[in-house]
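This report goes through one protein chain, from a single side chain out to the overall fold. Please keep the sequence and the structure in view while reading.

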Amino acid sequence: MQTIFVQVKCELGKSYDVATAAIEDTDGISEVHSTSGNFDLMLTCYLDDETDIGRFVNESIQTIPGIRDTHTIIAFKAFG
């Protein structure tokens with residue numbers, strides 16, 4: 001199992017639409033959090049070991065209407 005976090009910058013006024021679409025329409029996205037700072041949302045994604053992370057982000061996340069930019073963080077180990 002691979003864990004990634006994807007920070008998402010949305011078009012103005014589209015954060016709630018993006019969050020709803022991400023959680024309802026995209027397999028692999030487990031949680032969507034509203035955040036402050038340079039990005040509007042943080043997505044927690046759990047992917048099979050065989051899943052190509054770049055392709056998943058490119059085809060499954062960046063194509064959600066209202067997304068302007070993403071930043072992907074790959075997690076190596078969970079503690080606790």
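In which helix is F56 found? The model is a predicted one, and in it F56 belongs to helix α2, which covers residues 53–61.

## F56 and its surroundings

F56 counts as buried because its relative accessibility is 8%. Leaving aside residues up to four places away in sequence, F56 touches I4, T26, D27, G28, I29, C45, L47, T51 and I61. T20 lies 36 residues from F56 along the chain, and the C-alpha atoms of the two are separated by 18 Å.

One of the residues that F56 touches is T26. T26 has its place in the loop between α1 (15–25) and β2. At 9% relative accessibility, T26 counts as buried. Its contacts, again without residues up to four places away in sequence, are A21, F56, S60 and I64.

## Order of helices and strands

The chain has two helices and four strands. Along the sequence they follow the pattern β-α-β-β-α-β.

Which residues of α1 are buried? They are V18, A19, A21 and A22. An α-helix has 3.6 residues a turn, so residues three or four places apart point the same way. The buried residues of α1 pack against four strands: β1 (2–10), β2, β3 and β4 (67–75).

## The β2–β3 hairpin

Strand β2 runs over residues 29–34 and strand β3 over residues 41–47; the two pair in the antiparallel sense, over five bridges. S34 stands opposite L41 of β3. Together β2 and β3 form a hairpin, with six residues between the strands. In the turn, G37 has a positive phi of about 105°.

In a regular strand the side chains alternate between the two faces of the sheet.

## Cysteines

How many disulfides does the structure hold? The count is zero. C10 is in no disulfide, and the nearest cysteine sulfur to that of C10 belongs to C45, 14 Å away.

## Aromatic rings

A search of the whole structure for aromatic pairs finds zero. The ring of F39 does have a charge over it: the charged end of K9 sits there, 5.3 Å from the ring centre.

## Overall dimensions

Taken along the principal axes, the C-alpha atoms of the chain fill a box of roughly 35 × 25 × 20 Å. The radius of gyration is 12 Å, which agrees with the value near 12 Å for a compact globule with 80 residues.

Of the 80 residues in the chain, 34% are buried. Among contacts with a separation of 6 or more, 65% come from residues 24 or more positions apart.

How values were computed
Residues numbered from 1 in each chain as written. Predicted model: local features only at pLDDT ≥ 70, side-chain atom pairs only at ≥ 80, totals over all residues. Heavy atoms only, no water. Pairing = 2+ DSSP bridges. Buried < 20%, exposed > 50% of the residue type's maximum accessible area, 1.4 Å probe, protein only. Contact = heavy atoms within 4.5 Å. Disulfide = S-S within 2.5 Å. Phe/Tyr/Trp six-rings, centres within 6.5 Å; stacked < 30°, edge-to-face > 60°. Lys NZ or Arg CZ within 6 Å of the ring centre and 35° of its normal. Rg over C-alpha atoms; globule rule 2.2 N^0.38 Å.
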